[in-house]
Amino acid sequence: MNVILLGSGGRESALAWKFSQSTLLGKLYIAPGNGGTSQYGTNIDIRPTDFEALLTFARNHDVELIVAGNEDPLVAGLYDYFQGSGIRVCGPSQAGAQLEGSKDFAKRFMEANGIPTARYRSFTAANIEEGYEFLGELNPPYVLKADGLAAGKGVLIIDNLDEARKALGEMLGGMFGKSSATVVIEEFLSGIECSVFVLTDGNGGYRILPVAKDYKRIGEGDTGLNTGGMGAVSPVPFADEEFMGKVTTRIIEPTIRGLREQGITYRGFIFLGLINVGGEPMVIEYNVRMGDPETEAVMLRIDSDLLALADAAARGSLGDLPLDINPATAVTVMMVSEGYPGSYPKGRVITGLDGVEDSIPFHAGTKLNDDGTLVTSGGRVISVSSLGDSIADALAKSYAAIARIEFEGKYSRRDIGRDLMALEQK
């Protein structure tokens with residue numbers, strides 16, 4: 001089976017690595033890929049949202065399956081475009097992709113299906129005064145979310161009421177373009193977050209992938225600006241059998257049932273951004289694809305053929321295909337460019353990858369120059385992932401690998417997983 005994987009980040013590197021191990025795989029194409037994905041397949045210079053070019057390439061190269069790594073093509077209608085083409089898509093329909101594409105839709109969906117989430121209301125410029133009043137009803141900090149996709153930057157958490165009201169006006173005034181024409185204001189939830197990933201076939205069948213926890217802040221001790229993710233750990237000690245039982249019955253099954261009852265086709269990955277509030281799981285957000293950098297940890301713990309599972313989901317029947325999970329601990333630590341998440345240099349030469357042992361460096365923001373030199377091309381450069389008997393063991397391997405990999409201005413957090421180590425001992 002020939003496959004196209006859409007995307008160019010660390011998540012896609014990890015998926016490409018995993019798919020390349022499948023006995024079902026013929027040729028793997030990554031569109032557009034990065035400086036490291038060519039280890040696992042062939043990079044093709046096609047944008048994930050250029051559906052016409054993708055269809056032409058797929059037909060010319062006997063591609064049977066397309067897997068969306070990132071959300072943009074799904075929200076733009078990838079699944080719908082390829083219906084009737086004879087080419088399967090692992091990913092939801094455009095209607096299903098609204099779970100990520102519209103936070104207002106997602107909150108209304110949760111409310112309609114009794115899925116636990118924070119109290120909220122949505123506002124536009126037409127009822128901004130009501131938004132100011134609603135903020136006054138909440139306790140700080142105040143959570144404001146742009147309704148649409150905003151490249152991971154559309155969420156503001158503000159401690160001061162006057163500043164929150166000002167931010168609401170700025171968001172509705174175009175801070176995030178059309179994405180913030182509607183703003184969702186939420187009650188702040190306090191607890192420990194985790195990411196739960198589900199693969200569903202749209203007909204009631206599903207598999208729960210390994211749970212992970214990511215680290216968004218640039219600075220150690222969860223300080224500084226938010227990033228796309230500085231590292232991740234899997235499994236998560238508090239996501240035990242009791243907690244996951246609640247997640248399954250209160251969140252996963254009502255989500256899958258609600259989609260079917262609304263006539264929404266959803267054949268692909270669902271990301272549940274959860275928070276543990278006193279032992280009770282609540283949904284912060286849905287995403288309609290795997291997370292990044294969580295995927296770079298999760299893939300190491302999947303022993304089954306993930307491509308077979310993804311294809312079965314795209315066909316609409318997971319049947320009795322197994323999902324076997326490695327009990328070991330996986331940790332990923334992100335190497336980033338200096339200046340990230342602000343402005344950062346590009347084109348800095350990367351060396352030392354051939355000296356890495358006991359870890360897998362998943363490329364994120366890298367590219368190969370015409371002369372074969374590997375250079376930085378993004379803020380998040382390489383995600384170093386390792387398996388171990390514990391968080392500390394896996395971390396030691398990742399940090400040993402990071403010490404070998406060099407590029408000017410490299411930076412990594414040194415405290416990934418530290419907050420979970422005490423829980424791991426219990």
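**Notebook: a sheet and its salt bridges**

I began with Glu280, which counts as partly exposed because its relative accessibility is 30%; by the cut-offs I used, buried means under 20% relative accessible area, exposed over 50%, and partly exposed in between, with a 1.4 Å probe and protein chains only. I note that this is a predicted model, in which local features need pLDDT of at least 70 and side-chain atom pairs count only at pLDDT 80 or more, while totals for chains, interfaces and linings use all residues. Residues are numbered from 1 along each chain as its sequence is written, and side-chain values use heavy atoms, with hydrogens and water left out.

I then looked up the partner of Glu280, and found that its side chain meets that of Arg250 in a salt bridge (2.5 Å, N to O), the term standing for a side-chain nitrogen of Lys or Arg within 4 Å of a carboxyl oxygen of Asp or Glu. Glu280 lies in strand S17 (residues 280-287) and Arg250 in helix H9 (residues 241-261), so the pair ties together parts that are 30 residues apart in sequence. Helices (H or I, at least four residues) and strands (E, at least two) are DSSP runs, numbered from the N terminus. Arg250, at 34% relative accessibility, is likewise counted as partly exposed.

Salt bridges that share partners join Glu64, Arg88, Asp311 and Arg315 into one network. Asp311 is buried, with a relative accessible area of 6%.

Last, I turned to the sheet that includes S22: 5 strands form an open sheet in the order S12-S15-S18-S22-S19, with antiparallel pairing, where two strands pair if DSSP finds at least two bridges between them. Strand S12 (213-214) and strand S19 (360-363) stand at the edges with a single partner strand each, so one side of each is left without a neighbour in the sheet. Within the sheet, 8 bridges join strand S18 (residues 329-336) to strand S22 (residues 380-388), and Val333 has Val384 in S22 as its bridge partner.
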